[in-house]
Amino acid sequence: MFSALILAACGGHSSSGDIDVDLIDNPRSAEGVDESAQMPVITFDQDLHDFGRLSAGENISYSFHFRNTGKADLIISSCSATCGCTVASFPKDRIAPGGEGYVTVSFNSTGKSGQQYQEVTVVSNAQPARTKLKIIAQVGY
């Protein structure tokens, strides 16, 4: 009886705000799946950028170049930063195998001083699903 209650509660209902599961299908997450499944792979040229020395109040940006080196379309669903002083923009369209793009990270040094280290987490349908990009800067002299 308890099992029936659990199954009824998880009956596959979705709210209108849910993401289409076809977009985030990851065949490697299922048990017993062939490891050669066609997956997107996001490959960045580099995952760290050093802005060097900055004056307080400067707004600067850097574009991290990437390529889809996998065998399926890449979809970036979000980019989140560790601090409100850092924001990222990313392509909203699917990136075909062999396609390229940029994740642009902007840093606002207002109110900051000393060594700064910020991370941006890129979430996609690739394997692995999360990739960290890092920026550093020395604010003030």
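Select Ala88: beyond its neighbours within four places in sequence, Ala88 is in contact (heavy atoms within 4.5 Å) with Cys79, Val103, Thr104, Val105 and Val120. This is a predicted model, in which local features need pLDDT of at least 70 and side-chain atom pairs count only at pLDDT 80 or more, while totals for chains, interfaces and linings use all residues. Residues are numbered from 1 along each chain as its sequence is written, and side-chain values use heavy atoms, with hydrogens and water left out.

Ala88 lies in strand β5, residues 86-89 (strands are DSSP runs of E, at least two residues, numbered from the N terminus). Display the C-alpha atoms of Ala88 and Val105: they are 4.4 Å apart in space and 17 residues apart in sequence. With a relative accessible area of 24%, Ala88 is partly exposed (buried is under 20%, exposed over 50%, partly exposed in between; 1.4 Å probe, protein chains only).

Next, select Gln115 in strand β7. Gln115 is exposed, its relative accessible area being 51%.

Then select the largest nonpolar core, of 23 residues (buried Ala, Val, Leu, Ile, Met, Phe, Trp, Tyr and Cys residues joined through side-chain atoms within 4.5 Å). Ile42, Phe44, Phe66, Ile76, Val103, Phe107 and Val122 touch the most other members. The largest share of this core, four residues, comes from β8.

Finish at Ile42, where the contacts, leaving aside neighbours within four places in sequence, include Phe66, Leu74, Ile76 and Val122.
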